[in-house]
Structure formats: C-alpha cells, structure tokens
Amino acid sequence: MALRRCCSLLSGLLCFGFGFGLLAVRAAIPTTLDGPFDPVTAPFDANLRGNAVDLPDSHPSLRRRVKGFEPEQISVSLSSDYDSVWISWITGEYQIGFDINPLDPKRVSSIVHYGKLRYPLSHEAEGYSLVYSQLYPFQGLQNYTSGIIHHVRLTGLKPSTKYYYRCGDPSIPAMSQKYHFKTMPVSGPRSYPSRIAIVGDLGLTYNTSTTISHLISSNPDLVLLIGDVTYANLYLTNGTGSDCYSCSFSDTPIHETYQPRWDYWGRFMQKLVSKIPLMVIEGNHEIEEQAGNQSFVAYSSRFAFPSEESGSSSTFYYSFNAGGIHFIMLGAYIAYDSAANQYKWLEQDLANVDRSTTPWLVATWHPPWYSSYKAHYREAECMRVEMEELLYSYGVDIVFNGHVHAYERSNRVYNYTLDPCGPVYITVGDGGNREKMATEYVDEPGNCPEPSTTPDPFMGGFCATNFTSGPAAGKFCWDRQPDYSAFRESSFGHGILEVKNESWALWTWYRNQDTQKEEGDQIYIVRQPHICLGQQEGRNRGYADT
C-alpha cells in the first residue's frame, strides 16, 4: 500500500517495487492512471498497409518436407498450469478428392521423448491420435481426410525450465528432430512470462508472413491467437479462392472450404509454435459446416486444449495460468447465456481464481464488444449483455478480441460508460488475412448500420438497440469517435504484453510497416483493486490483498 501511495504522489513517474526498495523512472509512456484519454484516430495511408494476398500452394514454406510417417506441423500448447504441456503433430498425408480413404490412427504411435538435457531424452510420454474428415454431400464437391493428428500431454514439468523433445513413432522409426520449449513460471504475484504475443485473424498471406516474422523478433514466451486461423473457408473444394466468399461463390449449396490450407498453415507456423506455446480460441472462420450438421471439426481436431484440466467439457472455452496471469478463453459461437454450460463453467472458473496468486485476470474471445469500426459493429451485443456484468464483478483487467481487421484500444469501460474499474478492451484482428483491412468507422457519415442487420446468426438473437443515455442517447451509433475508444488505427500488426508485477503491465502494439523498434501504440495498464473492490464486490479470494 505504501508503494501505491508513493506512486500516486509522483506525477509523471513510474514506480516499481523490488522487495527492498523503490525505483522511480521518468515516464514517457502513458498509463491508464492518466486516462480516460480523448479519442484518437491515426491517419490512414493505403500505401503502407502491405499485401493481403494469400501465399500460393507452391510457396516453399507451405510444402510437405517430410517422408512417410515422419512428423510435421509440430506445435506446443499449454495445459492449465506450468507443470504440463501438450505436444501435437501430424503424420501421413491428407487426401482430397471424390474417393478418399481415411488413414487408420492406430497405424502410428503417439510418442514424445523429452528431458532437461539434449542428450539423453530420459522421459517418455504416450498420447492419442485421430483423423478427421470434411465431407460434403453434394455432387461435384471434393471431400477431405486429414493425416493422423497426434496429441501427447507431458506432465511433472518444472517451472521456467527448458525441455528438449522429439516426437513420433520410434518403432517405425519415424521421429522428428530435436526441438525445445520453456515452461511457464510458477504462479505468483511477482512471477510472469517476459513477453506474451497477442495476434488475431492471421490467415496465410504475405502480410501474415510479415506479422509472424515481426512476432518472432519480439522473442515471446507465449502466443495467443484470438480466432480466425487459416481462412480455409475462403476457398472452394477445388482450391479456387476469393477475398469475399459470399461475393464470388453465392450459389454454392454449402459454404465450402479447402482443407489443405490448414496443412499449409501448420507447416508455415511450425518454425514458431514448435518452440513457443500457442493458445487458440475459435473464430467465425473456423465454423466450417459440413455433412451431418457438423462444424468446427478442423479447429477441435488439430489443436490441443487444456479443457479437461480447467474443468471445461468443450474445446470452445477453457482457462490456464501463465505465471501470475489467469487467462480465460471464451467461445462466442457456442451458447453463452446464463443457462448455458459455458456460463456456468465461467462462474465456477472465476470463483476459483485466487488473486493473491494470479493477480491478473485476462479474458479473450473473438468478436469485440467495444469497437467503433463499421465492420461487425455491435455484432456480439447479445454476448455482452449476458456476460459483461459477470466479468466486471470479478475484476477482469484486460480483454483481447479479434474479428475486426484493424487495431483499437479502449479506455476502461463498462456498459458503454467510462469506468476506472472496467477492463481495457484491445482489438487485434490485424494479423494480415486476405479479407483486407477494416478502414471505415461507424461515426463517419453514412456508415451507421441499420440495427437489424448487425446480428451474426451463429451468435444468438438480436440485442443491439439504440443507446438510452450518454452522448449517443437515442442513436445506434455515435456522431464522433466514441469516448470508450482511446486509439484506433487501420494497420496490420501484432501486440506484446509484458506484465511487470501485480499492478503494472506494459502493452505495446507493433505495425507491420514499421521496424520492430518503433511502437504503434504503447501504454502501461495499471490495476487498482484497492479502489475497485467495492464496486466489483471483491468476490475473488485474496482480491483485497493484491
């Protein structure tokens, strides 16, 4: 408490306590304590916005480089805590055509050899395998069946420790080369990953390549992908693609996909995610409807999720710890009302959070609640109506979203009202996909949509009505950049979250057109639980001591 009082008195200084003293440094970077900020819109320059064109099938980074049943598309993801991770990979070749014959998952074992020393790899773990198919019961449409997908969970790991591993089937033999990963720090108020990369709506374009290159240069310990992964659903089953599916292929009997784009994406990303854990949540481009009213099959099959470990029964929502941060990954395309399993799980997960151990509470889902862009404006309003009060009452600090292909950071907000105890909402749907960039704002003349056109049919009913209070009372859109919108810019890029201690976190957004040393947006996000305890009811254990 003494540190907080001191910091509040040192105008223009940032203060960090290191157990034995106080360090004050002059701040060139704004903090949320300085807010709320007047809204700012960065000018748009189309010449600097890159090339949102898909990498072709023939691109070297998308081609299969292994033989037989050797592993490819290797990735690491976290379990619910530091002592466990998942290793995933694919063996065998996919098939696409009119007559496909799925591989037998039992044909190849799922084995990981791992250890803290490069030689020997003294531990072994065995997991499970599966094959999925994308089937279309319509004449002329090609079907797809995947290679064998393997998921192996490693347990009993030490925190903040580098482990080496190989994966595959040693009996064939068909083992990968050696890779390595580093486990998360143990949970605690002064224990955090150094850098966490946040990105959304990636796809597989030349812009995506720039985004990932810059992201790798940021040297992250963890990557969060906030939905919309491959954009395989911008293609017909014959491999013909478009920037706008509904514009080009309006007469198809079902929304087709070209599933090999998932395999291309897995190969392209392996250089990053075979070493750095990747945590994913679903977006609308993962829906991918097929025969039997199935959807999200590729998403749910290809990634490993800590669902069971975090008490979830679904791949659409789960949680995990990364040091002193508790991440909650929510699903916008599955039931979220108060009677739904997801809502009940969320209530229990929030109630179990100990803020004395994980002071930071960060939530993510794909479509934003607070966006001032014309694209997808108030599309997720029903989800906001159902869940916002619950998240606010437990003091969620930051929310990350995607979906809108641009960048926007909010002031602290709750129920469209500026609130020092509300979360900071950050939209990072600017990963670089081929659907191009969002450049129009709803507060510009002629851009406010008719309310009945805003709901997404996959997200529930109609909830977005005219505002009843504030500067936009009686209207569906603001006449100027909304007060909740602190900064917005139409550029591709990625963000880095650096949590410094239990109260301070540095957020930096990097634009693709800049060098890695140049920040597009930067702010310290400061928690104030001692102020917000009463407003938010302080229902978390340990909250008052944070």
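**Figure 1. Strand β5 is covered on both of its faces.** On one side of β5 lie V85, I87, W89 and T91, and on the other W86, S88 and I90, all of them buried; buried denotes a relative accessible area under 20%, exposed over 50% and partly exposed in between, with a 1.4 Å probe and protein chains only. Strand β5 is thus described as mostly covered, with 7 of its 7 residues buried. The model is a predicted one, in which local features need pLDDT of at least 70 and side-chain atom pairs count only at pLDDT 80 or more, whereas totals for chains, interfaces and linings use all residues. Residues are numbered from 1 along each chain as its sequence is written, and side-chain values use heavy atoms, with hydrogens and water left out. Strands (E, at least two residues) and helices (H or I, at least four) are DSSP runs numbered from the N terminus.

**Figure 2. Strand β5 pairs with β4 and with β12.** Strands count as paired if DSSP finds at least two bridges between them. Strand β4 (residues 72-78) is mostly covered, 7 of its 7 residues being buried. It runs antiparallel to β5 (residues 85-91), to which 5 bridges join it.

**Figure 3. Six strands form an open sheet with mixed pairing.** In general, the strands of a sheet pair through backbone hydrogen bonds, either parallel or antiparallel. The order here is β18-β17-β16-β28-β29-β30. Strands β18 (278-280) and β30 (521-526) are the edge strands, each pairing on one side only. From one strand to the next, the twist averages 20 degrees; angles run from 0 to 180 degrees between N-to-C directions, and axes are lines fitted to C-alpha atoms, for helices over the stretch in contact. Strands β28 (residues 493-499) and β29 (residues 504-511) pair in the antiparallel sense over 7 bridges. I496 has T508 in β29 as its bridge partner. Helix α2 (residues 206-217) packs on the sheet and touches β16 (196-199), β17 (222-225), β28 and β29. The direction of α2 makes about 20 degrees with that of β28.

**Figure 4. Helices α6 and α7 pack against each other.** Two packed helices are described by the angle between their axes and the distance between the axes. For α6 (residues 341-352) and α7 (residues 381-393), the axes come within 11 Å and cross at roughly 5 degrees. Helix α6 is therefore roughly parallel to α7, a label given to angles under 35 degrees, with over 145 counted as roughly antiparallel, 65 to 115 as roughly perpendicular and the rest as oblique. The contact (heavy atoms within 4.5 Å) involves Q342, Y343, L346, E347 and L350 of α6, together with E386, M387, L390 and L391 of α7. These residues divide into 6 nonpolar, 1 polar and 2 charged; Ala, Val, Leu, Ile, Met, Phe, Trp, Tyr, Cys and Pro count as nonpolar, Asp, Glu, Lys and Arg as charged, and the others, Gly among them, as polar.

**Figure 5. E386 is a residue of helix α7.** E386 counts as partly exposed because its relative accessibility is 30%. Leaving aside neighbours within four places in sequence, E386 is in contact with Y336, D337, S338 and Y343. Of these, D337 lies 49 residues from E386 in sequence and 5.6 Å away in space, C-alpha to C-alpha.

**Figure 6. R261 forms salt bridges with D54 and with D57.** A salt bridge is a side-chain nitrogen of Lys or Arg within 4 Å of a carboxyl oxygen of Asp or Glu. Between D54 and R261, the closest N and O atoms are 3.7 Å apart. This pair links distant parts of the chain, with D54 in the loop between β3 (40-41) and β4 and R261 in helix α4 (residues 260-273), 207 residues apart. Both D54 and R261 are buried. Between R261 and D57, the closest N and O atoms are 3.4 Å apart. R261 has a relative accessibility of 1% and so counts as buried, whereas D57, at 31%, counts as partly exposed. A network of salt bridges links D54, D57, D243, R261, R434 and K436.
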